[in-house]
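Please read the following report alongside the sequence and the coordinates. It goes from the overall fold to one helix and then to a few individual residues.

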Amino acid sequence: METHKKLTIGLFGFGVVGEGLYRVLQQTPSLNATIKRVCVKHAGRDRNAPPELFTTDKDVLLNDPEINVIVEVINETGPAYEIVTTALKNGKDVVSASKKMLAENFPALLALQEETGKSLLYEASACASIPVIRNLEEYYDNDLLHSIRGIVNGSTNFILTRMFEDNLDFKSALLLAQQLGFAESDPALDVEGWDAVNKWSLLIAHAYGIIKAPGEIIRNGIQHIKLSDATVAQEKNQSIKLVAQAQKLQNGKVAAFVLPQFVKQDDHLAFVRNEYNGVVIESGFADKQFFYGKGAGSFPTASAVLSDIAALRYQYRYEYKKKYHHKPLELTDDFYLRVYVSMDNAIPLPKEQFETLEEWHSDAERKYLIGILPFLALKNGNWWKENNTSLILMPDPIVESMEVAKLKKISLELAGIS
Ligand code: HSE
């Protein structure tokens with residue numbers, strides 16, 4: 001068996017990640033991998049690499065029999081899908097960092113890997129430098145994974161850190177994230193939680209064998225978080241983070257969502273600042289493990305691409321063990337969430353949505369309440385994303401049984417809130 005295959009790479013994209021990879025490969029001669037050609041969208045730009053390397057014709061790479069690996073780190077979803085699928089069909093292994101494209105086309109890409117027998121690796125597509133996909137796939141190759149929680153978007157974490165710690169306003173913090181190369185070209189993907197949910201869709205496939213399109217997972221971003229919410233967090237000695245969470249419940253199914261969350265100071269995720277990402281994995285016997293690293297930026301992302309390229313030397317493929325070798329788990333809607341909801345004073349409280357109320361407050365501008373909601377109240381309506389409303393999960397938000405919650409119940413009627 002060939003163990004250390006020589007890799008001849010066709011690279012698509014020479015932006016933040018592509019150029020980073022080019023530099024990183026130059027500094028890693030031991031890998032026995034060379035970039036033969038780079039396909040870019042715009043010819044003639046001044047690039048810090050030999051001009052003869054570049055082409056704008058994708059077929060030059062895709063039809064070159066000497067090129068055995070296609071690395072795709074472009075921005076656009078449609079063209080990325082075409083490149084990846086053509087490369088697999090043409091018998092090439094592929095490394096991709098296009099999380100949106102991967103998440104939106106996951107079933108088709110799974111089928112194509114089966115059909116062609118070729119490898120599609122994408123470690124860089126979730127949490128950039130943190131080797132979380134390969135760990136979920138290989139190390140947690142069992143059904144003891146209790147939960148996985150993470151900060152998986154660097155830009156929003158950077159923005160929240162700068163807003164909380166430096167009192168920077170939202171727009172300036174976002175601009176800085178863009179200048180530093182963390183943000184998507186359409187920053188709404190970061191800010192509204194789409195990027196995080198794309199990554200979460202990939203991670204729950206490797207964690208639990210659950211194949212769900214990003215649009216099927218409950219999500220929100222940080223766009224509705226107000227200064228007054230940040231003040232509440234500070235009063236409680238907590239911070240606000242955009243947290244992706246998946247947890248196996250007693251019914252054997254999995255609760256999953258991507259929502260802003262209050263995080264206590266002793267939570268591992270409170271330690272994750274700026275563009276760093278962090279993932280806390282809880283398993284049956286090991287208890288908690290914390291993965292931490294840069295989740296965005298040129299070299300951190302390129303480092304994960306590099307690791308995938310290195311893995312192709314020994315013909316590594318994802319086996320999707322949780323899907324094919326275990327009984328894949330399913331998502332459930334059958335649970336409750338402890339939430340904080342704040343809104344303008346002019347808007348009536350959505351009290352009919354709540355099972356219980358634990359705390360409420362009102363001042364001249366805004367009011368908030370904390371209580372327990374059925375998850376379906378988020379799934380079946382948009383009230384929590386509209387009219388300047390801000391919904392933030394409380395720490396340890398999942399409530400499995402209303403019996404526990406009922407002990408703390410203070411009904412809206414008794415509270416006299418109308
Ligand atoms: N925009 C992404 C983020 C880049 O901020 O996390 C890395 O995937």
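## Terms and overall architecture

A helix, as the word is used here, is a DSSP run of H or I that spans at least four residues, and helices are numbered from the N terminus. The model is a predicted one, and its secondary structure comprises 16 helices and 16 strands. The radius of gyration is 23 Å, close to the 22 Å that the globule rule gives for 418 residues, so the protein is as compact as a globular protein of that length. Taken along the principal axes, the box filled by the C-alpha atoms is roughly 75 × 45 × 35 Å.

Of the 418 residues, 56% are buried, and among the contacts with a separation of 6 or more, 71% are made by residues 24 or more positions apart.

## Surface and charge

The protein exposes about 17900 Å², and 50% of this area is supplied by carbon and sulfur atoms. Its side chains include 45 that are positive and 53 that are negative, and the centres of these two sets lie 2 Å apart.

Helix α5 covers residues 106-116, and within it F106, L109, L110, L112 and Q113 are buried. These residues cover an arc of only 165 degrees around the axis, which puts them on the same side of α5. An α-helix has 3.6 residues a turn, so residues three or four places apart point the same way. On the other side of α5 lie P107, E114 and E115, which are exposed.

Which elements do the buried residues of α5 pack against? Their partners are the helices α3 (77-89), α4 (99-104), α10 (194-208) and α13 (321-324), together with the strand β6 (120-121). The helix is followed by G117, a residue whose phi is positive, near 75 degrees.

Most residues other than glycine have a negative phi. A128 has a positive value, near 40 degrees, although it is a residue other than glycine, and its place is in the loop between β6 and α6 (132-139). With a relative accessible area of 2%, A128 is buried, as the cut-off for that class is under 20%.

N387 is not a glycine either, and its phi is positive at about 55 degrees. This residue is found in the loop between α14 (376-379) and β16 (390-399). Is N387 buried or exposed? Its relative accessibility is 51%, so N387 counts as exposed, the cut-off for that class being over 50%.

Although F299 and L21 are 278 residues apart in sequence, their C-alpha atoms are 7.1 Å apart in space. When residues up to four places away in sequence are not counted, F299 touches G20, R23 and V24.

Y139 is found in helix α6, and its relative accessibility of 55% means that Y139 counts as exposed. With neighbours within four places in sequence left aside, Y139 is in contact with R134 and Q289.

Technical notes:
Residues are numbered from 1 along each chain as its sequence is written. This is a predicted model: local features need pLDDT of at least 70, side-chain atom pairs count only at pLDDT 80 or more; totals for chains, interfaces and linings use all residues. Side-chain values use heavy atoms; hydrogens and water are left out. Helices (H or I, at least four residues) and strands (E, at least two) are DSSP runs, numbered from the N terminus. The radius of gyration is taken over C-alpha atoms; the globule rule is 2.2 Å times the number of residues to the power 0.38. Buried means under 20% relative accessible area, exposed over 50%, partly exposed in between (1.4 Å probe, protein chains only). Contact means heavy atoms within 4.5 Å. Accessible areas come from the Shrake-Rupley method with a 1.4 Å probe; for residues, only the protein chains shown count as cover. Lys and Arg count as positive and Asp and Glu as negative; His and the chain ends are not counted. The place of a charge is taken as NZ of Lys, CZ of Arg, CG of Asp or CD of Glu. The arc is that of the directions from the helix axis to the C-beta atoms.
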